Amino acid sequence: MKAIDREKQAEEEIGHTTFSRGVPLFLSTLLIALIFGVFTLERLQSDSVPLVDDLLHLAPSAHDISDTVAREGVRKSFFSLNRALLGNMERLASDLERSSPLRKTLLAPMNRYLTGYLGAQNADVLRGRDGWLFYGPAVAHLTGPGFLSTDLTERGDPVEVLTAFHEQLAARGIKLVVAPLPVKASIHPEHLSGGAPADRAIQSASHEAFLAALDARGVLACDVSEALIRAKAKGPVYLARDSHWTPEGMHAAAESLQAFLRERVPELPQGDMAYRAGTPQSIEHAGDLAVMLAPEDAARYGMNESIRHQAVEGPDGAPWAPDPSSKVLLLGDSFANVFELEGMGWGAHGGLAAWLSLLLRQPLDAITQNGDGAHATRQRLIQALQRGEDRLAGKEVVVFVFAARELSLGDWKPELALPAEVR
Amino acid sequence: MVFSSHLFLFYFLPAALLLYYGLPKWTRHFFLTVMSYIFYGWANPSFVFLMLLSTLIDYCCGLLLGRDPIEPGGPRTRRQLAALLVSVTSNLSLLAFFKYFNFGVDSYNQLIAAMGWESAQWDTLLRITLPLGISFYTFQSMSYAIDVYRGEAKPVRNFITFACYVSMYPQLVAGPIVRFREVALQLETRTHTLEKFGRGTAFFALGLAKKVILANPCGNIADQVFDAGSRSALDAWYGLAAYSFQIYFDFSAYSDMAIALGLMLGFVFPKNFDSPYRARSITEFWRRWHISLSTFLRDYLYIALGGNRRGTARTYANLMLVMLIGGLWHGASWNFVVWGGIHGGMLAAERALGNRSPLRRLPAGVGMAITFAIASLAWVFFRAATLPEALVYLANLSGPGTVQPGAALLSGIVYQPYYLISMALAAGITWSAPQTWDFTRHLTWPKTLWCAVLLLVSVALLMTQSYNPFIYFIF
């Protein structure tokens, strides 16, 4: 009967609570005012979520249910309808939270103090030293156990995927050059941790094994880390509050890639096109990490930084643009898009492809997409080939660049393969 | 849906309280049950069918048990015995299937592969999803049939009342495990007072603060250190201390909030934590840690196995067995078996040594420190993803080893002022501040203002933090 003793004890404890006068009323009112107040405020100010309507539409309609049952049978449709309902509920919860006016008001100032001054990790952003910010998952790529020692069943083994891609391109007479681009903490570890060495790159535990495995399978891999460390002697090669490199870092990487191509892909003809760098322009902008901490408010919280951007111009003086008839195709993620895509806020026509084009003195074709560096550009290339747009026609080499963190985090989609023939 | 979420605090809770207090009294259990099913179904709507099945089985078993007279200690009919067996078997079968199917298949396949009989392996394509809180509500539901069988509670005639007990959202998914006899009377009649609501608010504020201000940052440190490929000995100890604080503040915070929400609905749930890291032995630790589980295992398993009534050797074996099962209850993995084995071994050793136990002879502070160290070292098995990872971590704790270059970055993350302050606060509160029950027993204005400030600060932090897991949701 011990449990009943516990119950009696609990009753007694609660029953013997003593309060100063007015305390129970104050506490109860506080909670009620808080939860109902925030609810009311959010409903009054919300510009997007008609709550009742959303709640009513959470469950699939009778029509959807009968359709699914007819299509998939009772057992399967139970699970697919359940998945749909669950997805709707998760979306609603996330929408309510994201659109919360209270959250929007508090986010930037709270992050300014918690992350900016005290160093709390939030929204995947880590505070470094001297006002630098780092992307948490990219740092985890370096501190983690090594991407080749984790279970690769679901997201694919990058070595296998890159080898297969290399073989598919080789069957078309095209060489593949892979360039995993080091994450910011690789090259500037001293801005994250005082004890980290400033004179060499910190790599993932699997880095060497990865490069050796590619080499053993005949896949050309260009490691631009050393070039970036050398360039760092003249100043930062990564932006302080953005996850990408500075124009200087990108130039160093482009030079390293150009030297690698000249040495390892000698069949690529020397170009003679007179591309030139335009007049440097100063651009001030908030980095992506600053925006993650203070959406819409980064500038207000002094998190902008400036760069000297140089666009590349063609022989005719026109801004650089990809050329599908070139012998080189660059596949790249946001590291290739920064300074190239106007929308990223750091200027246009001066990205990695443009600078590589200038250094190689020949036009370049480029397929780039922000995010999902492990598969997005390969997927777009395959889709183009499938719809008859032969982006590989006349190519000698494909340069595949992606943020090295993709090796730990990316979905490599082993099922993606170049079609055997262009339709 | 977790208590420390935007959806729960500003949408579910207002709706639940409004329905509970706004509708006629006789509908309260019905709407409480409906809200509990919504709360539970939010994790995965299909899980509600499983909970409903478990509830139906035990409700029917209860009715069967009640068809014949039940006197405490008196004889039981065959029908009553059969009803009890159906309840226990069905609940344990549900638990075993959903919690241990994958583990069983994987272990069998590893064994068969080690013997070179790969062709006899089972297909592992079928993976079972663990329903949220199944470990908790099957225990609760089963306790009802056992309590009725033992004559310690009366069978419930009203299905809604019983469904309300099994599904009650405050303690549904992560406890405390509330046995039927502990709330049977309250289900029939309970008071709703401003004092209860007020103390519930104080409990909730303190629970939310423990979760958001202490458990989350400590959890962030623990995640960084445990997920690292390698770490220095200093980082390893720091990460382990952080995990010890995280699991305590996270779980006790959940219990505090559960008790708080219970009070707001007029229920009084028993204490689940009693400053466990102030224990001076592992035996004492288990009187203070997850009390609802340890007493459940004691009353329904240890005593059923014969307890200490069948000789010394059997007592030790029972202690070990109960802790091994307690370990497995937490999760289907060899890590939990080892964790249970460590605690079972310590309980048996302390029992064997009795007053000769060195821990009893040491000054209180030293005994506390040693007990905390033992409990923390056992947590390594609780936290590490696999047994080999746990062993590597233990090796890291013991000193030099191969430290990868990436480990140098860890210090830049985990020794930030925010984390150092959180760790210092966690240590200070663990060993010198009163626990929630004591703090809220006499609510003066200064204490009340503390609670109010903590509530507001926690909500502000909650609105802006992206890291907010609840450890015990996976058990």
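This section describes the interface between chain A and chain B and then a parallel sheet of chain A with its surroundings. The structure is a predicted model, in which local features need pLDDT of at least 70 and side-chain atom pairs count only at pLDDT 80 or more, while totals for chains, interfaces and linings use all residues. Residues are numbered from 1 along each chain as its sequence is written, chains are lettered from A in the order in which they are written, and side-chain values use heavy atoms, with hydrogens and water left out.

At the interface, 76 residues of chain A are in contact with 81 residues of chain B, contact meaning heavy atoms within 4.5 Å. The two chains bury about 6500 Å² between them, 68% of it on carbon and sulfur atoms; buried area is the accessible area (1.4 Å probe) that two parts lose on being put together, summed over both. Polar contacts link 19 residue pairs between the chains, both residues at pLDDT 80 or more. A polar contact is a pair of N or O atoms within 3.5 Å; within protein, one must be able to donate a hydrogen and the other to accept it, and residues adjacent in sequence count only if both atoms are side-chain atoms.

The side of chain A that touches chain B draws at least two residues from each of helix 1 (2-15), strand 1 (18-19), helix 2 (23-45), helix 5 (74-98), helix 6 (101-117), strand 2 (125-127) and helix 7 (136-143). Helices (H or I, at least four residues) and strands (E, at least two) are DSSP runs, numbered from the N terminus. Helix 2 of chain A gives the most, with 16 residues. Strand 1 of chain A also pairs with strand 1 (residues 442-443) of chain B, in the parallel sense and over 2 bridges, pairing requiring at least two DSSP bridges between the strands. The bridge partner of A:Phe19 in that strand of chain B is B:Leu443.

Within chain A, 5 strands form an open sheet in the order 5-4-12-10-11, with parallel pairing. Strand 5 and strand 11 (365-368) stand at the edges with a single partner strand each, so one side of each lacks a neighbour in the sheet. Strand 4 (residues 175-181) is largely enclosed by the rest of the structure, because 6 of its 7 residues are buried (under 20% relative accessible area, with exposed over 50% and partly exposed in between; 1.4 Å probe, protein chains only). Strand 4 of chain A is joined by 7 bridges to strand 12 (residues 397-403), where A:Lys175 stands opposite A:Val397. Strand 4 of chain A pairs with strand 5 (residues 220-221) over 2 bridges, and A:Val178 faces A:Ala221 there. Strand 10 (residues 328-332) of chain A is joined to strand 12 by 4 bridges, with A:Leu331 opposite A:Phe400.

The buried residues of helix 16 (residues 376-386) of chain A include A:Leu381, A:Ile382 and A:Leu385. The buried residues of this helix pack against helix 8 (158-170), strand 10, strand 11 and strand 12 of chain A. Helix 16 of chain A is followed by A:Gly388, whose phi is positive, near 90°.
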